[in-house]
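Student: I have a chain on the screen and some questions about how it is put together. Can we go through it step by step?

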Amino acid sequence: MTGQAPARPAAAEERLFSRKYAAATISFAAVMFLTGFAALAVVPMLPVAARDLDGVPLYPLVAGCFVAASLFGGVLGGDWADRAGAGRPLAAGVVLAVVTLVVSATSTSIWQLAVGRFLDGVAAGMIAVAINTAIAHAYPDRLRAKALALMSTCWIIPSLTGPPLAGLVADWWSWRVVFYGLAALTVIPSLVVVVMLRSPSWRAPSKPESDAVEDRTPRPTLLVAAAVSVGAALGQYAVSGWDVRHLLCGAAGLALLVVFVPRLLPPGTWRAARGLPAAVLLRGLTSGAYFTLEAFVPLLLTTARRVPPVQTGLAFTGAAIAWAGSSWLQGRLQGRVSRHGLVTAGALVMGAAVAVAAVGTLPALPALTAAGAMVLAAVGMGMVAPSLTLLSLTHSPQGRQGYASSAMQTSQNLGQMAVMGVASAVFNLFLGFGSADLPGYAAAFGLLLVPSVLAASLAVRARSA
């Protein structure tokens, strides 16, 4: 009996809500909850705000600049976290998030709203990367999977209640009240995080000399990150029109992306070099496939299959629950199934979801068949996303977790924009030839099989040692 007694306190310390980790776990969960709530609740308000501000033609810019800005925020947060620890960029990110909500709430023009959304994207990128880095610093290996699963779970309630609550507030008062309310809700958790992260324990860990010699990965400069963000924003603006100005902006944005994107990703990313480069590429492929599916299925249900909005909203709810449940499950499989094996399985599930969505375009089948694809795809992403994050942290040299997290965030955003752009081009091509909507949707969904199958086949290259 005496030999077993010391094991109990040690086991108690190895829990997310034990005394040692409770403050960090609760603070991170609160920040992720409110970040998710703001992200999901605000999106349905953007078309209403654009209409009220007489800026509907610029809506693609307002909707897309958040993703473009998060590229810059991710690199800024990752570089800052590697140099000074995760505390400062996380504190700065949550404070900036409050400020940007106020900027959006007080918008008097569509351009001010775009600035607010751009700054909010910077804040979101910093927060996501800093929290991943903080998890790598704060928790032991066996708790990281559970911590990341908890962060995913924190999006369940926002996904269930955020959009309808925001809609009710906008109907009763104004879309501005939504922004003001989110800012007020975020103030207290932001102050708690700022105070907690002042502790010396949140400083960046010292880097062993051996890692300093072996780690030759160059750090991306903020100028490069800014150029990529501007290029992505120009691309989002270009799709709002087809005149010479828009075409020139599109060409300039593409040129910036081609020149500067490779400098933000680890060397060997495009050829799926083993380790971190493969994990980064897989993040872009899977995120691109999932978020494109999530965008096109509701459009299909609303425009071509005439499904009531309430049922379409339930598909989002089901997907959110499926993602969180799958993420929770992968956290419990720690040590039983390899991480790259979970990525392979998740990517194959996403491939099956894409096939279901394509079949759902057939008029003979129930309209809600395609809605099931969203739930199935979320099951796959719930396995893939946390597993890739853990693999990227495993492959990161000591003191470079921030760089790895920012590279993953950059790849996710770029994958989302690239796959969405190609799928949209295919869809519009069918419409341009006078085809009916349903074949265009089927072609767009069929295209998503490529990144899904490619991710499943390359997952082994991201395996940990």
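**A buried serine, then the rest of the chain**

Tutor: Start with serine 326, which counts as buried at 8% relative accessibility; buried means under 20% relative accessible area, exposed over 50%, and partly exposed in between (1.4 Å probe, protein chains only). This is a predicted model: local features need pLDDT of at least 70, side-chain atom pairs count only at pLDDT 80 or more, and totals for chains, interfaces and linings use all residues. Residues are numbered from 1 along each chain as its sequence is written, and side-chain values use heavy atoms, with hydrogens and water left out.

Student: Which helix holds serine 326?

Tutor: Helices (H or I, at least four residues) and strands (E, at least two) are DSSP runs, numbered from the N terminus. For serine 326, the run covers residues 309-332. That run is helix α14.

Student: What does serine 326 contact, leaving aside its neighbours within four places in sequence?

Tutor: Contact means heavy atoms within 4.5 Å. By that rule, and with those neighbours left aside, the partners of serine 326 are Ala378, Val379, Gly382 and Met383.

Student: How many helices and how many strands does the chain have?

Tutor: Buried residues make up 52% of the 465 residues. Among contacts between residues at least 6 apart in sequence, 83% join residues at least 24 apart. The DSSP runs come to zero strands and 19 helices.

Student: What does valine 297 contact, leaving aside its neighbours within four places in sequence?

Tutor: Valine 297 is among the residues with the most contacts inside the largest core. Beyond those neighbours, valine 297 is in contact with Ala357, Ala370, Ala371, Met374 and Phe445.

Student: Why is the pair of tyrosine 290 and phenylalanine 291 edge-to-face?

Tutor: Rings of Phe, Tyr and Trp (its six-membered ring) pair if their centres lie within 6.5 Å; planes under 30 degrees apart count as stacked, over 60 as edge-to-face and the rest as tilted. The structure holds six such pairs. In this one the centres are 5.2 Å apart, and the pair is edge-to-face because the planes are at 80°.

Student: Are α7 and α16 parallel, antiparallel, perpendicular or oblique to each other?

Tutor: Axes are lines fitted to C-alpha atoms, for helices over the stretch in contact, and angles run from 0 to 180 degrees between N-to-C directions. The axes of α7 (residues 141-153) and α16 (residues 369-395) come within 10 Å and cross at roughly 140°. Angles under 35 degrees count as roughly parallel, over 145 as roughly antiparallel, 65 to 115 as roughly perpendicular and the rest as oblique. The two helices are therefore oblique.

Student: Which residues of α7 and α16 make the contact?

Tutor: From α16 come Pro386, Thr389 and Leu390. From α7 come Arg144, Ala145, Leu148 and Ser152.

Student: Is glycine 116 buried or exposed?

Tutor: Glycine 116 lies in helix α6 (residues 110-138). Not counting residues up to four places away in sequence, glycine 116 touches Thr100, Val103 and Ser104. Its relative accessibility is 1%, so glycine 116 counts as buried.

Student: How far apart are the C-alpha atoms of serine 190 and valine 31?

Tutor: Serine 190 is in helix α9 (residues 175-196) and is buried, at 5% relative accessibility. Along the chain, serine 190 and valine 31 are 159 residues apart. Their C-alpha atoms are separated by 7.3 Å.

Key. Core = buried A, V, L, I, M, F, W, Y, C linked by side-chain atoms within 4.5 Å.
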